[in-house]
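Work through the exercises below with the sequence and the model open. Each task is followed by a solution in steps.

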Amino acid sequence: MVRKLKVTNFANSENSDDFLEMAYEAKTEAKAKSYAKKALELDPDNLDAELFLADINTKSQLEFLQKTEAIIAHGNKLMEEQGFFTKECMGDFWLILETRPYMRARHQYAILLSQCRMIKKAITECEEMLKLCKGDNLGVRYLLMHLYTVMEDEKSALKLHKKFELSMNTQFLLPLSILYYKLLDFKKAKKYLLELSETNKDTKEFFKALLEQTLDKFELGDYGYKPFTIEEFIITFMGNLYLYDGLMDYFLWGYDILKNKKLREYNKSNTPF
């Protein structure tokens, strides 16, 4: 069990968090900025407030990326001062409540790196985050699997898949199928695609909607997505366009396989003994 280290207590930190919550719920951008600035005024070390302002005040992903780098530098200083960069705590970040704002900033940074197509930098960031938090409470592994697929790094992708007990879910199986498609190993690409269709009942529907450009008819909930449904496909696809852009030939190939799979299943079930 991780020993909870003593952390500097800021007299108004609770008020700071209250103002940040008000910023999240504000109905106008002006109000949101005002509340977030107040949160940061009350607690200059509120990394979540810094990240909120960096997001709302930037006009481009690159600008947001650069501001997030500065926030992480601030976070590094705080983690060092508060004694979290120790052997005792490494691997248990996020389980330690005080590390969560720092991990959120680093997660945002990894996402921005991927969106800016800075793939090697994004991979390094994700790998470092998994060292800090072995349980991966933020789901960094899913982003990393997509990044390995972009780089066609089969060895690292399989190692990651094994590390998380051969996760059988949409966000691992789809990029793995694409990885082998890119490597011209169509047998394995098909294997992972069929595993995906068994895991997520909406696989064929997603491929069809993507090819017909009708994804916008599906509405996502306000509180995340339902795993193993088309909602997870949409979240995965939209969050990793750096991989999926330009891969329509894969989805055409995959859709043909999924259609033939259903036909084979029908013929088998209707074959008299």
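A crossing is left-handed if the near helix is turned anticlockwise from the far one by less than a right angle, and right-handed if clockwise. The model is predicted: local features need pLDDT of at least 70, side-chain atom pairs count only at pLDDT 80 or more, and totals for chains, interfaces and linings use all residues. Residues are numbered from 1 along each chain as its sequence is written, and side-chain values use heavy atoms, with hydrogens and water left out.

**Exercise 1.** Describe how α2 packs against helix α3.

Step 1. Helices are DSSP runs (H or I, at least four residues), numbered from the N terminus. Here α2 covers residues 29–42, and α3 covers residues 47–56.

Step 2. Axes are lines fitted to C-alpha atoms over the stretch in contact, and angles run from 0 to 180 degrees between N-to-C directions. The axes of α2 and α3 are 9 Å apart, at an angle of about 150°. α2 is therefore roughly antiparallel to α3, a label for angles over 145 degrees, while those under 35 count as roughly parallel.

Step 3. The crossing of α2 past α3 is left-handed.

Step 4. Contact means heavy atoms within 4.5 Å. On the α2 side the residues are E29, A32, K33, A36, K37, A39 and L40; α3 supplies A49, E50, F52, L53 and I56.

Step 5. Sort them: Ala, Val, Leu, Ile, Met, Phe, Trp, Tyr, Cys and Pro count as nonpolar, Asp, Glu, Lys and Arg as charged, and the others, Gly among them, as polar. The contact of α2 with α3 has 8 nonpolar, no polar and 4 charged residues.

**Exercise 2.** Is E41 buried or exposed?

Step 1. Buried means under 20% relative accessible area, exposed over 50%, partly exposed in between (1.4 Å probe, protein chains only).

Step 2. E41, in helix α2, has a relative accessible area of 57%, so E41 is exposed.

Step 3. The C-alpha atom of E41 lies 7.9 Å from that of S16, 25 residues apart along the chain.

**Exercise 3.** Repeat the packing analysis for α5 and α7.

Step 1. Helix α5 (residues 100–115) and helix α7 (residues 140–150) have axes that come within 11 Å and cross at roughly 20°. The two helices are therefore roughly parallel to each other.

Step 2. α5 passes α7 in a left-handed crossing.

Step 3. H107, A110, I111 and S114 of α5 meet V140, L143 and L147 of α7. These residues divide into 5 nonpolar, 2 polar and no charged.

Key:
Parallel < 35°, antiparallel > 145°, perpendicular 65-115°, else oblique.
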